[in-house]
Amino acid sequence: MITNDHDIQIMTLMPHAIEAKNLSKTFKHRVPFAPFGSRIPPNTTIALREFNLTIKAGEIFALLGPNGAGKTTLLKILSHLVIPDAGVALIYGHSFKTHAMRIKTLVSLLLGEERSFYWRLTGRQNLEFFAALYEIKPKEIALKILQVEKLFELESLDQRYQEYSSGMKQRLALARCFLSQAKLILMDEPTRNLDPNNAEKFRSLIKTYLQERPDHTFFFTTHNTQEAEYLAHRIGILDHGVLQACGSLDELRHLINNPNASLDEIFHNFTRKKS
Amino acid sequence: MNWNTIIAFFRRDYLERATYKSAFFLELGGILANLITFYYIQKLFITAHPAALQPYGGDYFAFVLIGLAFSGYQSTALNSFSTALRQEQMQGTLEAILLTPTRIETVMLAGSIWNFLVTTLKILAHLMLGVVFFHLDLSKMNLLSVIVTLIFTIISLSSLGLFSAGYTLVHQKGDPVNFVINAASRFFSGVYFPITMLPIGLQYVAKIIPLTHALNAMRDSLLRGYSLTQIHSDLLWLILFSLILFPSGIFYFYKSVEKAKKEGTLIFY
C-alpha cells in the first residue's frame, strides 16, 4: 500500500527495480534408465513463458501461484542462479550479461531451503561467513550481526545450526538476507516454516523495515493470500509459467468484474481456468 | 579475488574440521602405519640392491616415501576443486553462496585451500616421521628446486582438477574418469617402483603423465640435492603440461558453468 506522496515521488524518480521482458525457461529432464545410445527425447517442463513484468523501485510486490507455476524459477532468474532460454531481466537497469557482480550487491534472495547453512557451525559463525562473502568489512561484521540479531530476535546464535528449530532456522535465513546491502529483496515463501504467531511477527517486521527504507523493493512469492493482501502494493498471479493477472487488489477485482471479490476468489478465478 | 573472502572460506573449513576432534590423530596414525609397512618391505629386500633404485641411492624406503607423500598432491589437485563444489551442492549451500557477489571460481579455489594445506602438512608429516624414526636422509635437499617443482606440480595437476570440477557441475556427480586417472598415473608415474622397470612401451606412457616428472624432480631435489639446472628436463615437462592443460581446463570449466546455469543444474544435487 502506497502511504504518502513522498513514497510516490521516490518510486517515480528511481529506475525500475525489475524489468522482465519476454522471459522464457524450459527445463529438460533426462529420461531415467534410457537404453545407452537411444534417442528418447528428454522430458520437458515449461517453467516460464514470455513472462513480462515491471516492478518500480520501492514497491512491494507479491506473486501468487499454485505449486509448479514457475515462481521459484523466476526468482532464480532474477538472482542469476538460472539463465533464461529467452528474454532479458534488468535489475535497476543493469543486465546480468554485463553487470552480474554489480547486480549481486543489489539483490538478496531468501531461500525457502533449510539446507543452505553449515550445520556443524553455529548461527553466528554462519552469519560471519556469509557477511564476509557479502563483502562487509571485517570491522563492521560484528555490528551488522548484532543489528540482525536484535531485529530477528536470534536468541541462540552461539548454538550449532543443527540444533535449531525450524522457526529459528527461518529467522537465521532472514537475518542473512538482511545482512547484505541489497536494495531489492526477493523472498520465496518467507513464512512457510513459521507458526502463525511468528508469521504475523515477520509480516509486521517486514512492513516496519520497508517503511523505514522506502527505496528498498520487496518481491515475494506466497501461497498465503492474506499475507499478499497485507503487505503488497501490487499482486501478480502466475500459473503454468504465464502471468495471468497483475495489479492492485482493486485492479484485480476490476479484471473479474467483481468489486467485492476476495483475493482467494480472484486467485481461484485465474488459476482454475487453466487447470 | 577478495582476501577477506578467501580467509572466510579458510576459517569456515577450519571450524568445520575442528568439530571432528579425533580426525587429526587418526590421520597421523594412518601415515605412521603406512611408513611402518614400507619400512619392513624395504628390510625384506635390503640385500637385493636392485639396479633400478641406484639413481635414488638404492634406498627403497626413501624412494617410496617421497612417491607416496607427493602423489597425495595428485589426489588433492584432481579431486579438491570438484569436491569443493560438490560438497556445497550436496549441503545446499552453493545456492546461498552464489547469491553473494562471490564468483564460482572463488568458491572452487578458496574451498580447496584447506585441502591443499592439509596435504602439504601430511607430506611434511611423512618426511618428518621418515627422518626421525626411519633414518630418511634429507641432508642434501635443495630447497629452491623443491619449491619450484612443487609450484609447477600443483599447477599442472590442478589443471586436470578443473576438468573434473566442470564435469561435476554439469552432471551433479563426481567424475568417474578421475578415479581411473588417479589409479593409472600412480601405477605409471613411479610412486611405488622406478618406471625403468616397466616395458619400454609403457615407459613412453609414463612420460606423458605429469606426476612422473613431478616425482622425478622431487626425488632428485630432496635426496640428491639437484639444482634447477640439473632437473630442468622434468621441470620443462611440468611447465609444458601447465601451459597446455591450465588454459584448456579453465575454458572447459567456464563452458560447464554456463551449461549448468542454462540447464538449471548448477545448484541441484
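## The largest cavity

At about 60 Å³, that is the volume of the largest cavity here, and keep in mind that this is a predicted model. The structure holds four cavities of 30 Å³ or more.

The biggest giver is α6(A), with three residues.

## How much of the two chains meets

Now for the contact between the chains. Chain A puts in 32 residues and chain B puts in 35 residues. The area buried between chain A and chain B comes to about 3200 Å², and carbon and sulfur atoms give 60% of that. Why quote an area at all? The size of an interface is often given as the accessible area lost when the parts come together.

## Salt bridges and polar contacts

How many salt bridges does the rule find across the interface of chain A and chain B? There are two. One pairing is Lys76(A) with Glu95(B), a salt bridge whose closest N and O atoms are 2.9 Å apart. That falls inside the cut-off, because a salt bridge needs the nitrogen and the carboxyl oxygen within 4 Å.

Polar contacts between chain A and chain B number seven residue pairs, with both residues at pLDDT 80 or more.

## Chain A's side of the contact

Which elements give two or more residues to the side of chain A that touches chain B? They are β1 (18-29), α3 (96-106), β6 (107-110) and α4 (123-133) of chain A. The largest share, six residues, comes from α4(A). By type, this side of chain A divides into 17 nonpolar residues, five polar and ten charged.

How values were computed. Residues are numbered from 1 along each chain as its sequence is written. Chains are lettered from A and ligands numbered from 1 in the order in which they are written. This is a predicted model: local features need pLDDT of at least 70, side-chain atom pairs count only at pLDDT 80 or more; totals for chains, interfaces and linings use all residues. Side-chain values use heavy atoms; hydrogens and water are left out. Contact means heavy atoms within 4.5 Å. Buried area is the accessible area (1.4 Å probe) that two parts lose on being put together, summed over both. A salt bridge is a side-chain nitrogen of Lys or Arg within 4 Å of a carboxyl oxygen of Asp or Glu. A polar contact is a pair of N or O atoms within 3.5 Å; within protein, one must be able to donate a hydrogen and the other to accept it, and residues adjacent in sequence count only if both atoms are side-chain atoms. Helices (H or I, at least four residues) and strands (E, at least two) are DSSP runs, numbered from the N terminus. Ala, Val, Leu, Ile, Met, Phe, Trp, Tyr, Cys and Pro count as nonpolar, Asp, Glu, Lys and Arg as charged, and the others, Gly among them, as polar. On a 1 Å grid over the protein atoms alone, a cavity is a set of points where a 1.4 Å probe fits but cannot get out, and a pocket is an open set with protein on both sides within 12 Å along at least five of seven lines; lining residues have an atom within 4 Å of a point. Grid points are joined across faces, edges and corners, and a volume is the space filled by probe spheres set on the points.
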